[in-house]
Amino acid sequence: MIEKKTLEGQNVSLKSLREDGDLTNYFKGINDRELTKYLEAGKKRHTVKDLQDYINRMNTSKDHRLFGIFLNKTYEHIGNITLDNIDMSNRKTEIAIFLWSHHGKGYAIEAINLLVYYAFASLKLNKLYAGAVVQNHASVALFKKCGFEEEGILKMEFLKDDYYDVIRFRLLKSGFSR
Ligand SMILES: CC(C)(COP(=O)(O)OP(=O)(O)OC[C@H]1O[C@@H](n2cnc3c(N)ncnc32)[C@H](O)[C@@H]1OP(=O)(O)O)[C@@H](O)C(=O)NCCC(=O)NCCS
């Protein structure tokens, strides 16, 4: 285990997940074909054991951070957010988010802002990047809203029923204000 952390926002908090915790909402969300249609995770069905193994891998790797997104009022687990491939030699990492319920309430924006601040202030990173399938309008709008800029188009980057182009976004520390 790298470090147990809670990042508290106004409406949501980001908390480390436990393999033996309640994964009911996560299991339902990750296996929802519509919600995951533009995600790598949506390419297969996941068992509870798959989720436990993933949590364990993420929690024991210094190159990754996985947080659950929880509502402050009810403690409901509404999504996950990650930093992947943390590259300390170049001070950069990839950020991704998946919210399976309570859409359109600004919770994704709040979660991204909490993790971005943690990445820049605590991990001392300099650059965050993210990928969104061009057709994933919610994700594209979300990253723009959070101040990310388009870095380019990755052609035929994502394959599911067809090939999809992916917009690569970046946020530099110098461009982030809280
Ligand atoms: C992408 C996702 C996290 C957005 O969640 P959300 O609850 O809609 O996010 P927020 O309420 O914080 O809204 C963020 C902004 O996104 C935009 N947005 C949200 N849904 C949208 C949609 N369907 N179409 C266009 N814009 C949308 C809005 O501009 C919104 O800001 P505003 O309402 O203040 O103008 C969520 O839809 C999701 O998890 N989808 C499935 C997984 C996924 O695609 N993840 C991203 C891959 S990295």
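Predicted model: local features only at pLDDT ≥ 70, side-chain atom pairs only at ≥ 80, totals over all residues.
Beyond its neighbours within four places in sequence, Ala111 is in contact with Val12, Leu14, Ile69, Ile81 and Ile97.

Next, extend the view to the largest nonpolar core, which comprises 33 residues. Ala111 is among those with the most contacts inside this core, as are Ile69, Leu99 and Leu115. Colour the contributing elements: strands S2 (12-16), S3 (65-71), S4 (77-87), S5 (92-99), S6 (127-133) and S8 (163-172), with helices H3 (107-122) and H4 (137-145), each give two or more residues to the core. Helix H3 supplies the largest share, nine residues.

Now hide the helices and turn to the sheet. Eight strands form an open sheet with mixed pairing, and their order is S1-S2-S3-S4-S5-S6-S8-S7. Select strand S1 (6-8) and strand S7 (149-159), which stand at the edges. Each has a single partner strand, so one side of each is left without a neighbour in the sheet. Viewed across the strands, the twist averages 25° from one strand to the next.

For a detail of the pairing, select S2 and S3. These two strands run antiparallel and are joined by five bridges. Within this pair, Lys15 stands opposite Gly68 in S3.

Note on methods. Residues numbered from 1 in each chain as written. Core = buried A, V, L, I, M, F, W, Y, C linked by C-beta atoms within 7 Å. Buried ≥ 20, exposed ≤ 12 C-beta atoms within 10 Å, placed from the backbone. Helix = DSSP H or I, 4+ residues; strand = E, 2+ residues; numbered from the N terminus. Contact = placed C-beta atoms within 7 Å. Pairing = 2+ DSSP bridges. Axes fitted to C-alpha atoms, helices over the stretch in contact; angles between N-to-C directions.
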